[in-house]
Amino acid sequence: MNEMILMTHVLFGVGCMLAALWLFVDVMNVREATVGRIRAISWGAAAFMWVAFIVGGFWYVTFYKVDKAIILKGPWPFAHGKVMETKEHLVIMLLLLATYLPIAASDNLVGNKNARKVMLWVSAIVALLALAMDGEGGIIAMGVKVGLLPK
Amino acid sequence: MENPALAKRTIAFGLAVAIACVVNAIIVVLKEKSAAVMNAMKSGLGHHWITHSALVVGLFLVLGALLAAIKGGRGIELTAGRLIATLVSGVILAAVIIVGFYLFVD
């Protein structure tokens, strides 16, 4: 069960990243007919990120101590000491940026190129930061794996 | 129009993101360096990370609403270039502080 909770966290995090990528391309080609979709997907990106954050946070405070002990005793203690410690704090910034997406999307994207610029920058940062979080999660999971391998 | 203005919420909450990101990084350093701060955050909402997240998200929401309401409800005036520069700088500075702290200090 705890693995399913963790995979749900990953699924929604990747969903946020894909939504941010979609937004970047859609905003570059925005017109009246697509504004509604852009706003809906920006809400979707924010919602996915909140789900990923809450589910991941629940897993972290409830189950992570077991993985942490394995990582710290294994050959990759940095997977907790450096990687998880940075991930759990960088992800708060990602949550803020994803929450900001629908706010920025509510601006006049069709008639205002400055509003489009803001959306492009924010969606790009969200996509890149989400990718970095995904990579850090992979390293942490690998830290558990190598900690469980026979010596 | 040459440089159409951004909506007040776009500016207000964009600035709030930048500021909250930097405050997030400062809280990381404070709680890791001070047992008193860490203990206070642990007892806040039961876990230091939950208290930390709630503080930063709360700051973002309150600051964004305040910045949108100042100047009689007109909000802050800022060009898109300045807003983007502030936002990107805030995110990069916060990331450098957090990553740098755990890589080189902690």
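This is a predicted model: local features need pLDDT of at least 70, side-chain atom pairs count only at pLDDT 80 or more; totals for chains, interfaces and linings use all residues.
Biologist: How much trust does the predictor place in the complex?

Modeller: The complex is given an ipTM of 0.95 and a pTM of 0.96. For chain B taken by itself, the average pLDDT is 95, and 97% of its residues score at least 70.

Biologist: What is the secondary structure of chain A and of chain B?

Modeller: Chain A has five helices and zero strands, in the order α-α-α-α-α along the sequence. Chain B has four helices and zero strands, and its order is α-α-α-α.

Biologist: How do I read the overall form of each chain?

Modeller: Start with the extent along the principal axes. The C-alpha atoms of chain A fill a box of roughly 60 × 25 × 20 Å, and the C-alpha trace of chain B spans about 55 × 30 × 15 Å. A compact globule of 106 residues would come near 13 Å, but chain B has 16 Å.

Biologist: Which residues of the largest nonpolar core touch the most other members?

Modeller: That core has 66 residues, and the ones that touch the most other members are Cys16(A), Ala45(A), Leu94(A), Leu97(A), Val126(A) and Val17(B). Two or more residues come from each of α1 (2–28), α2, α4 and α5 of chain A, and from each of α1 (8–33), α3 (48–69) and α4 (80–105) of chain B. The helix that gives the most is α4(A), with 14 residues.

Biologist: What does Val126(A) contact, leaving aside neighbours within four places in sequence?

Modeller: Val126(A) is in contact with Ala20(A), Ala45(A), Leu94(A), Leu97(A), Ala98(A) and Leu101(A). Another core, of six residues, lies apart from the largest one; among its members are Ile71(A), Ala79(A), Met84(A) and Ile140(A).

Biologist: How do I check the length of a helix such as α2(A)?

Modeller: Compare the expected span with the distance between the end C-alpha atoms. At 1.5 Å a residue, the 31 residues of α2(A) should span 45 Å, and the ends are 46 Å apart, so the two agree.

Biologist: Which residues of α2(A) are buried?

Modeller: The general idea is that an α-helix has 3.6 residues a turn, so residues three or four places apart point the same way. The buried residues of α2(A) include Ile38(A), Ile41(A), Ser42(A), Ala45(A), Phe48(A), Met49(A), Ala52(A), Gly56(A) and Tyr60(A). The buried residues of this helix pack against α1, α3 (64–73), α4 and α5 of chain A, together with α3 of chain B.

Biologist: Is Gly147(A) buried or exposed, and why?

Modeller: Gly147(A) counts as buried because it has 20 C-beta neighbours inside 10 Å, and a residue needs 20 or more to be called buried. Gly147(A) belongs to helix α5 of chain A. Not counting residues up to four places away in sequence, Gly147(A) touches Ile70(A), Ile71(A), Lys73(A), Gly74(A) and Trp76(A).

Biologist: Is Ser43(B) buried or exposed?

Modeller: Ser43(B) is exposed, because it has 11 other C-beta atoms within 10 Å, and the limit for exposed is 12 or fewer. Its place is in helix α2 (residues 35–45) of chain B. Ser43(B) and Leu66(B) are 23 residues apart in sequence, and their C-alpha atoms are 28 Å apart in space.

How values were computed
Residues are numbered from 1 along each chain as its sequence is written. Chains are lettered from A and ligands numbered from 1 in the order in which they are written. A nonpolar core is a set of buried Ala, Val, Leu, Ile, Met, Phe, Trp, Tyr and Cys residues joined through C-beta atoms within 7 Å. Two residues are in contact if their C-beta atoms, placed from the backbone, lie within 7 Å. The expected span of a helix is 1.5 Å times one less than its number of residues. The radius of gyration is taken over C-alpha atoms; the globule rule is 2.2 Å times the number of residues to the power 0.38. pLDDT is the predictor's confidence in each residue, from 0 to 100.
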